Amino acid sequence: MSQQPIFIELGSSATKVLRSEDRKPIAFFHPFDLIGSNGNINIKIFKKAIFFKLKKYFKEHSSGNKKIIAFATGIYRTANNSPLAYKILASINGLEIITLNPKQESIYSMLSYFKHQKELSKDIIYIDMGGGSTEIAHFENKILKECISLNIGLLFLTARLFEEEGTTDIALQKLNTFFDSHFNLHLAFFDKLNTTIKQGNCSIVITGMIAKKMAKKYRTDKLTIPLFGNYINELQSKALVKNDIQDLKIRYLESYPTRRKIDNYIGSGYLFFLLQRFPIDAFYINNSGLSDSFDIIYRDFIKKALP
């Protein structure tokens, strides 16, 4: 019997190693400046935050002759200098990288939701918010109909926000303008989704670190928009001590617990802004995700059956 490979999720916000014996993840969370405001990878930070940690992990937990399969998403797909990051990772013995396109990422992430949910709407709008990109997909009767990927994610937003000066209010307003400029490139897509929602029997399902934090806090996988608004107000009171963007950056860098609060606020604010595009009063959260489907993805890759 062949050995089970070790799987790695090369995400934008974190790198996760899934142990072959139990598939439990060991996560390395990334600093916000891994991604520049131009969307490219900071190679110096990449080596320190990802490459050296992976090398150390595999040295301490010898993988022997086991195959290591890394699934790359987000910035590894969008950054112009991702080939350099791949070249650096290639020095890890036995590592093979599979880059997933937005369509594949949406399909395989959604599989984890289909697996755990028995009652499903005919139409599902699936939003996967990561650190470097956001995928928005329309599924009809479990079949992907259409998908777009926005080069907007939590790390990218944080890097862009911290380049601003002056008040936090003005910096956040500039981010909202930036969101609109991206959303407006896909007006026809959003119009079709809204038509589908208005026809009924349609659900919005969200996954990603920010959404999962909400599910954990409220102990439910369904949230109303008003409750989400209250949640953001609560986060704002904790994250924004002063109306000064540089004060926010200093506190972000000085304290890990503060960093998590600010991350949560920035990501939730973006998600709330995105959901304003849809005529909905509630949404669902997928507490699973892409890593739940790695065995299936690898099987399809070997069979050359990736969608």
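Asn194 touches Arg277, Phe278 and Pro279, leaving aside residues up to four places away in sequence, where contact means heavy atoms within 4.5 Å. This comes from a predicted model, in which local features need pLDDT of at least 70 and side-chain atom pairs count only at pLDDT 80 or more, while totals for chains, interfaces and linings use all residues. Residues are numbered from 1 along each chain as its sequence is written, and side-chain values use heavy atoms, with hydrogens and water left out.

Asn194 itself sits in helix α7 (residues 187–198); helices here are DSSP runs of H or I with at least four residues, strands are runs of E with at least two, and both are numbered from the N terminus. With a relative accessible area of 13%, Asn194 is buried. For that label the area has to be under 20%, whereas exposed means over 50% and partly exposed is anything in between, using a 1.4 Å probe and protein chains only. Ser82 is another story: its C-alpha atom is 35 Å from that of Asn194, and the two residues are 112 apart along the chain.

Now for the charged pairs. Side chains of opposite charge can pair when their charged atoms come close. The structure holds 14 salt bridges, each being a side-chain nitrogen of Lys or Arg within 4 Å of a carboxyl oxygen of Asp or Glu. One of them links Glu105 with Arg77, whose closest N and O atoms are 2.8 Å apart. Since Glu105 belongs to helix α4 (residues 102–116) and Arg77 to helix α2 (residues 75–78), this pair ties together parts that are 28 residues apart in sequence. Glu105 counts as buried, at 6% relative accessibility.

Lys122 and Glu140 make another salt bridge, with 3.2 Å between the closest N and O atoms. Here Lys122 is in the loop between α4 and β6 (123–129) and Glu140 is in strand β7 (residues 134–140), so the pair ties together parts 18 residues apart in sequence. Lys122 is partly exposed at 34% relative accessibility, and Glu140 is partly exposed too, at 24%.

A further salt bridge stays within one helix. Asp263 and Arg259 meet through their side chains at 3.4 Å, N to O. Both lie in helix α11 (residues 256–275), four residues apart, so about one helical turn separates them. Asp263 is buried, with a relative accessible area of 3%, and Arg259 counts as buried at 13%. Elsewhere, salt bridges that share partners join Arg77, Glu105 and Glu135 into one network.
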